[in-house]
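Let's take a walk through this protein together. Have the sequence and the 3D view open, and look up each residue as we get to it.

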Amino acid sequence: MKIWGAGTARSFRPIWVAEELGIEYELDPIGPRTGETKTDVYKALTRKQKIPFLVDRDVRLSESVAICRYLIGAYSANDLSPPETLKEGVKEDEWCCYVYGEIDETSLYVMRRHRDLAEIYGASEGVVKSAAAYAAIHFGILGEHLSKHDYLMERGFSLPDILLVSCIDWAVYYDVNVPSSVQAYRNRIAQRPAYQRAMQINYKDLMGEINAAVNGN
Ligand SMILES: N[C@@H](CCC(=O)N[C@@H](CS)C(=O)NCC(=O)O)C(=O)O
């Protein structure tokens, strides 16, 4: 099995899942905007030329959520397993779509596009500010749930938590306000050894900075 991509919240997710499941994999830690996704070899692998990307025997997958779902479905281990019923599956989808759609794509990636990647997408302080405010609203909604539950799903730690924790780290790094129940949830899950290994693999030196940002120092 080979996974491509390191250094971003999206690349972090499959690495974290692979570490949770104890899968043996080769990582090619190519980064975005480094030219490494623009080579002919990578283009032949994925026309999207984005990270992360996974090849496992005859399976070739882009999209961080799909890759994680595949790994959990194919190599379920320890306390990370796929949903067992339709009801659990659609509930999991509901959380995944919510976190990916509202927090990742609509908020944090919009901030990235119009601040970090302003040379490509155009600088807009207004858009960045309103995307941060939009993220804060949805973190508030998630915070209400997490003040009453340990995990997003009733059955315990699952794919939606992987997505959400990766977004919380990204959000605090971007100075987005997250409620204390969301911080406490993230800090509890961040104690998982697989999370810590994945942080070192994916972010290397940034881990201390992210921890300091979440804990407000
Ligand atoms: N929806 C995709 C997003 C993938 C994506 O946009 N990856 C970025 C890095 S986070 C990338 O590869 N950018 C490089 C480029 O656009 O050239 C996922 O969740 O995997």
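Start with Arg10, which lies in helix α1, residues 9–21. A word on naming: helices (H or I, at least four residues) and strands (E, at least two) are DSSP runs, numbered from the N terminus. Arg10 counts as buried, because its relative accessibility is 14%. Here buried means under 20% relative accessible area, exposed means over 50%, and partly exposed is in between, with a 1.4 Å probe and protein chains only.

Before going further, keep in mind that this is a predicted model, in which local features need pLDDT of at least 70 and side-chain atom pairs count only at pLDDT 80 or more, while totals for chains, interfaces and linings use all residues. Residues are numbered from 1 along each chain as its sequence is written, and side-chain values use heavy atoms, with hydrogens and water left out.

Now hop from Arg10 to Ile51. They are 41 residues apart in sequence, and their C-alpha atoms are 7.4 Å apart in space. Ile51 is joined to Pro52 by a cis peptide bond, with omega at about 0 degrees. Why point that out? Most peptide bonds are trans. You'll find Pro52 in the loop between α2 (40–45) and β3 (53–56).

Ile51 also takes us to the ligand. Which residues are closest to the ligand? Of the 14 residues that surround it, the closest are Arg33, Ile51, Glu63, Ser64 and Tyr100. A residue is near a molecule if one of its heavy atoms lies within 4 Å of it. Sorted by class, this shell has five nonpolar, four polar and five charged residues. For that sorting, Ala, Val, Leu, Ile, Met, Phe, Trp, Tyr, Cys and Pro count as nonpolar, Asp, Glu, Lys and Arg as charged, and the others, Gly among them, as polar.

Next, zoom in on some atom pairs. A polar side-chain atom of Glu63 lies 2.6 Å from a nitrogen atom of the ligand. In the side chain of Tyr100, an N or O atom is 2.6 Å from a nitrogen atom of the ligand. For Lys38, a polar side-chain atom is 3.4 Å from an oxygen atom of the ligand. How much of the ligand does the protein cover? On its own the ligand has 510 Å² of accessible area, and the protein covers 93% of that. Such areas come from the Shrake-Rupley method with a 1.4 Å probe; for residues, only the protein chains shown count as cover.

Ser64, one of those closest residues, lies in helix α3. Is Ser64 buried or exposed? It counts as buried, because its relative accessibility is 3%. The side chain of Ser64 also makes a polar contact with the side chain of Arg13, at 3.1 Å. A polar contact is a pair of N or O atoms within 3.5 Å; within protein, one must be able to donate a hydrogen and the other to accept it, and residues adjacent in sequence count only if both atoms are side-chain atoms.

Stay in helix α3 for Ile72. Ile72 is buried, since its relative accessible area is 4%. From Ile72 to Glu88 you cover 16 residues in sequence and 15 Å in space, C-alpha to C-alpha.

Moving along, Asn78 lies in the loop between α3 (64–75) and α4 (86–116). Asn78 is not a glycine, yet its phi is positive, about 50 degrees. Most residues other than glycine have a negative phi. Asn78 counts as exposed because its relative accessibility is 67%. Asp175 has a positive phi too, near 65 degrees. This residue sits in the loop between α7 (159–173) and α8 (180–189). With 69% relative accessibility, Asp175 counts as exposed.

Let's finish in helix α9, residues 193–203, where Gln200 is found. Gln200 is partly exposed, because its relative accessible area is 45%. Trace the chain from Gln200 to Ala6 and you pass along 194 residues in sequence, yet their C-alpha atoms are 10 Å apart in space.
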